[in-house]
Amino acid sequence: MSKYSAWSVFKNGLSGHKNWDRAWRDPEPKTEYDIVIVGGGLHGLATAYYLAKNHGLKNIAVVEKGWLGGGNAGRNTTIVRSNYMMPGNRDFYEHSLRLWENLSHELNYNVMFSQRSHVSLLHSPAAIDGAARRYNTMRLTGSDGELWDLPTLKRNIPHLNYGPDSRFPIRGAAVQRRAGTARHDAVAWGYARGADQHGVDILQNCELTGVQRDGNRVVGLQTSKGLIKAKKVGFAVAGSSSRVWQMAELGNLPIETHKLQAFVSEPLKPLLDHVVVFGVGGAHFYISQSDKGGMVFGGDLDWYKSYAQRGNLPIVQDVAECATSILPCLGRVRLLRHWSGLMDMSMDGASFICKTPLENLYLNAGWNYGGFKASPASGWYFADLIANNRPDPIIANHDLKRFERGCNIDERGAGPDPKLHG
Amino acid sequence: MIRINCPFCGERDHSEFGYGGDASIQYPALDAPAKDWIEAVFQRENIAGVQQETWQHTSGCRMWIVVERNTITHEIHSVKPAHPGTKTLLANAGDHQ
Amino acid sequence: MSGHRIKNGGRIDRSKPINFTWDGMPRSGYEGDSVASALMASGDMVFGRSFKYHRPRGIMSAGVEESGAIISIGEGDRKDVNVKMTTQELYQGLVATGQNAWPSVRFDLGAINNSMSRFLVAGFYYKTFMGLPPFEWGKGTWLWMQYEKIIRKAAGMGESSREADPDHYEHAHGFCDVLVVGSGPAGLAAAQTAARAGLNVWLVEQDAEHGGSLLAESSDTERTAALSELSDLGVTIMNRTTVFGLYDYGVAGLLERVTDHLSSADPRLPRQRFWTLRAKHTILACGSLERHFAFGNNDCPGVMTTQATRTYLNRYGVLAGEQIVLATNNDSSYSTACELARAGASVTLLDARNQINKKVAQKLSAANVDYRAGHTVVKANSGAEGVSSVLIGKANGSEWTATDQLPCDLVALSGGWSPLVNLISHRGVKPVWDPSTACFMPVDSSEPLTMAGSAAGIWNHDDCIKSGHSAASMAAKSLGKETTSVVMPATGGWNSPIKPLYEVTVPGKQFKGFVDPQHDVTCEDIRLAHREGFVSVEHLKRYTTLGMATDQGKVGNIIGIALMAEALGCEIPAVGTTTFRPPYTPISIGALSGQSVGAHFRPLRRTPMHNWNLVNGATMTEAGLWQRPWYFARGVETISSAYIREATTARKSVALCDVTSLGKIAIQGPDATEFLNRIYTNPFAKLPIGKARYGIMLRDDGFVMDDGTTWRLGESDYFMTTTTAHAAKVMVWLEELLQTRWHDLKVHVTTVSEQWAGVAVAGPKSRDTLLECVEDPGVMENAVFPFMGVIETTLKGGIPCRIARISFSGEMAYEVYVASDFSPGLMDLLWPIVQSKDGCLYGTEALGALRIEKGHVTGAELDGRVTIEDAGLGKMASPNKSFIGSALRNRPDMQRHDRPRLVGIKPVDHNFTFHAGAILCSEDKVEGLGEGWITGVTHSPELGHWIGLGYISGGHEAWYRKRAIATDPVRKGNVEVEIISPHMIDPSGSRMYG
């Protein structure tokens, strides 16, 4: 398998690009694997990659019902940040950000991680104090974070709405410079290619249809490509977690599936160099510009439980209102496309990377809005859990029993209602 | 836009309503053991298909209703008041019309 | 291409010339022109540059699918970028400029990319730009971010304004029985049938004029007759309005362009209007798009669809070329060839099919059209500004053999037609490939949605009309109206079958053929994607960017899918199609936001005393949606000096504060007491009439939700106050409990937040103040009105009021509530008395100072992760009853003794201060997650130094005689602090009882 580089592009250019290999193989399923990861999204692919790379394991398959990266991997707004503060989240997301920082080199695939700064606008003294707690915690745990006063913010992003007609005047911003955006599809492809190079079988169009159990063990997976036996199984199917869980006859999960819309404008010459986040007066909005030039933005959930991968108008309006209120020049910019993805909304807004009641089944679920940025660390720690059959202390609270313990790692403090953890 | 036929106000845009949650949850008695409460508060069947769910007509009559809705297609099969007492009231109101 | 205006014909008004500029050069056209038709008539050729290779782009269509002539319109803060020239109506003084090129679209230095194009293939950027070339040495993201700067500048299309959009937009709402999308033959027929059946019909057309394909016809009678009937029948007829998306329950999103075609509009008019239309039935008669096909240099200016040449001729009176090669694979092009020839062009028609029907051949000959069967275009040769000749080829199985060169200045193409299935795709309907017509066909939806006309794959004009009638009669029937049934005609309708043609290849020759001309996706890119395994249609799209340009795949998708099918050796249906998403065509974000922008982004809530406060010197602050007095500066006072004076005054004499923003809920009914007993942690069963009680509510999960006071006014009548922040949430919660859980309780809750205005009267002289206000001073006696007492009485001037003796400040204090309209009167009554006692007004800043001194919690402390014990209020959780949250608040992690608990904080050195948001660490470990944090800070006038509230592991007992460090790296350095009880002033509460 050839290494990607400017040299290889040049060399292949001279030969009409006829000699490129497949980015990953398209193997027939074997009858049995040591480990099968269900879900060919970012988390599943990253898990397979790290199982092979970090733990030297062979004989691994990823089964994906459609095309890999077809779920939220390809539907998100590509923001990468680690501005989490709760114990259990802080170290996890920081580790993820560190993995992001070298991911292109690690995978020999340009995931275009652009550390262009994540700028959360602040509108009141109380909001500044609240952000200070979060960003102080980040600083004290080895991450970066800073507060920008108004002049600094104006210098960096001069065309935000600082005018007298602003309903919530901007007073400053909380900034993480190491945060930014990445090319979402490339991450899936890069992990797929990397996993494949380590011998992982990536089985696309292979839908899980049933889970064969023997007592409290999983013995095989029924798929659209036949029965696949497995010594260990990991579920990483955000949006469908409850469905596969119920296939394994495990009852209910503390998860509801909600949909989140995302938006992209027509391509424009550089208009915004940062990721900007706006949240005041019940609003929630985030925007950045893709390298192609489209303004990529999003807002809140559609507020009702849904498995429909399409959005509805009230949130479209709400998001547009945020967009033009904070960046008034966007009024004439045109929306090119809006779509939605299915979120595993957990009851406290935090995720699960944990063992399950079945001794060889592992769960990776409940990523709420945060799945994209989390994917490298999610794969890293999920692989570690599966390989060693025990959770790393960093993910000790990412288990299903935390609700019995009363452990609360709710970054928003919104309470046990999935729709509130946007 | 989902259109919800509020039993009190008629058909309205869903943006007038607030989504509650799974209406099949039976909240235990206040003095029930924590185990029952954990099940009710945190565990969800998360149906992909037709489910019973609560909504409140927040920008209308403020009544809570139980909606039978398909979570894949958003198709609504039935709507009824959440409080059984109001059902009787509605029926009586109908008699007087 | 050298287009020119013909003498007669077309729908333009030659008596009304319009002057405009193109890239600074004066141009003219006529009323009724599009920018495209006017510039074509002026002989201009190159209007844009492609995304990646910066190849010149000309006009490729006459409609919304335009993928070449994409320009900027307007100037300054009214500049619109990425405008499809073909859809922009001409107006006097219009300023059109090229984009994505430097110095201009005609001569663009970016075209150097084209010479590098052999390296810049699909996905090349995933393989490089990571590190130092040639082998990508290095680590981290630094190098990528340098490349990225250059890439970002090169990418993108138009350069949009950074100024605020000066225009305004409107939202509007509509309801109808039948929405007909598109006003071509099928749409007009559908609207007629539906309207004749007595239905409320909306006919919506994106174009300036109604008629769809009829506008490209030379005769206008059918169109005008139908429109006048519809108008008589009361149909809502909209033009310049795009149905951009179909949503649940027959809801359509419409964008009406109100002033985009005007040189100067009435400023009262919105620029655009966004309609939410709720239709019981929707008929999609939105037409079909003609496809091109790929051959060498098929992207060069002067290559366009055949239908476009017809539209320019018959609608705009512009002959797009003089020497025209028309290449087709279906029956739809013959009449156009004749019309072009009759208008004076020399036309050569190449039909990819091996035979041309005799009758057709006769017609072509009669019109002087040269025709060749079994031929097509193999390669276009471009001259200085566009196509100058074509290499043509003869069919040789599925490939072609080049034969000869034909000089030409225009290539008109027809590669077949694609029904517009975009809107029905929004509803989750997957179109199905129909090999006989070589297109994706819509299939039936389970929703009340019907396709008609060429959108349903019906090509024949009469059948299109019939399908419109049929669709409408079905709709009418389903809506309970009697109509004559019309059978839906079969799809298709050409005499001879289409010969599918997606790419013209000549063995042994390499041509650069384009699939998606806007994004420079070539046929080779599709094959490269296949080679690398990006074979799923979604991977193909994402890897090559096919279909992601501003036309969203309207032009290239099907060719790309066909080429992938060929590479895979499978049929097109096995490749499938990507999902079309709204909007159908791009729509401005401003229209979607409507009026809810700027100051109107969210409602602004003001208390009924707002003006009174302002008149009396208040500076306001935001509290959620509310504006509340922040402080009342006197003279040169700053906020600090003002709040310190205000807090001092409240502790020394008396001060007034507007507390109207608190939530207020009337709780009434025979079971009201039991209800309160269930929702509050502390007992309410024995609260006597005439008394108030402070209460804490938990959530189901046992964490604190809100706090407030509840006053018992009668046997079954309570008045509850909530925090400002949670007023709405608490109301919803109480309603939910009563209506969904506790059907046994007879209780009614009513929000009365708007009905009552409140003022806190705080300080040792508060009773004296109120004594002078009430009509009956007897009610104020300590014995009859003790701490936590409630009275309903009348103030001087006959103002009825309710007063509770409750205190947030820790002083003797009262909250006085009056009906909202009485509140300025209340203030006018109180204020002179307060002034006479050297009292003052105070705002939220002083309120904060007073409550921090007392250790009273607010939203900063109750952040949703706090237990009642954490907040130091554990004693308020009754052990003798069950309440909401009582079951789950005892979970082990919530009862741990090392949890962060509410504490007071003071600097060891009293000259120092600290900020809320600082992290509390132990002296030996100023790093990590810390031991706690600070939630509120104030200068304490009474203590004479800065104090704070916060949380720290184990609470103040655990930190007795230990120092902590308040560290604040994002703002300032470390401060040594002492952890103390949160009750920093008058811990016994003697002042409140006094």
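**Close-up views of a predicted model**

**View 1. A salt bridge links chain B to chain A.** In this predicted model, Arg44(B) and Glu256(A) form a salt bridge in which the closest N and O atoms are 3.3 Å apart. The number of salt bridges counted between chain A and chain B is one, while polar contacts across this interface amount to 17 residue pairs, with both residues at pLDDT 80 or more.

**View 2. The interface between chain C and chain A.** Here 130 residues of chain C and 123 residues of chain A take part in the contact, and about 10,700 Å² is buried between the two chains, of which carbon and sulfur atoms give 55%. Arg152(C), Ile589(C) and Arg865(C) supply 8% of the area that chain C buries against chain A, which is more than any other three residues supply.

**View 3. Charged and polar pairs between chain C and chain A.** There are 14 salt bridges between chain C and chain A, and one of them brings together the side chains of Asp248(C) and Arg310(A), with a distance of 3.3 Å from N to O. Across the interface of chain C and chain A, 77 residue pairs are in polar contact, again with both residues at pLDDT 80 or more. Helix H4 (residues 142-154) of chain C gives the largest share of the side that touches chain A, seven residues, and that side of chain C as a whole has 57 nonpolar, 34 polar and 39 charged residues.

**View 4. Strands of two chains pair with each other.** Strand S16 (residues 334-346) of chain A and strand S31 (residues 587-588) of chain C run antiparallel and are joined by two bridges. In this pairing, Arg334(A) stands opposite Ser588(C), a residue of S31(C). Strands of a sheet pair through backbone hydrogen bonds, and the pairing may be parallel or antiparallel.

View 5. The three strands form an open sheet in the order S32-S34-S33 (chain C), and their pairing is mixed. Strand S32 (605-606) and strand S33 (618-623) of chain C are the edge strands, each pairing on one side only. S33(C) runs antiparallel to strand S34 (residues 626-632) of chain C, and six bridges join the two strands; Ala618(C) stands opposite Phe632(C), which belongs to S34(C). Helix H23 (residues 844-854) of chain C lies across S33 and S34 of chain C, and the helix runs at about 75 degrees to S34(C).

Terms used: Residues are numbered from 1 along each chain as its sequence is written. Chains are lettered from A and ligands numbered from 1 in the order in which they are written. This is a predicted model: local features need pLDDT of at least 70, side-chain atom pairs count only at pLDDT 80 or more; totals for chains, interfaces and linings use all residues. Side-chain values use heavy atoms; hydrogens and water are left out. A salt bridge is a side-chain nitrogen of Lys or Arg within 4 Å of a carboxyl oxygen of Asp or Glu. A polar contact is a pair of N or O atoms within 3.5 Å; within protein, one must be able to donate a hydrogen and the other to accept it, and residues adjacent in sequence count only if both atoms are side-chain atoms. Two strands pair if DSSP finds at least two bridges between them. Helices (H or I, at least four residues) and strands (E, at least two) are DSSP runs, numbered from the N terminus. Contact means heavy atoms within 4.5 Å. Axes are lines fitted to C-alpha atoms, for helices over the stretch in contact, and angles run from 0 to 180 degrees between N-to-C directions. Buried area is the accessible area (1.4 Å probe) that two parts lose on being put together, summed over both. Ala, Val, Leu, Ile, Met, Phe, Trp, Tyr, Cys and Pro count as nonpolar, Asp, Glu, Lys and Arg as charged, and the others, Gly among them, as polar.
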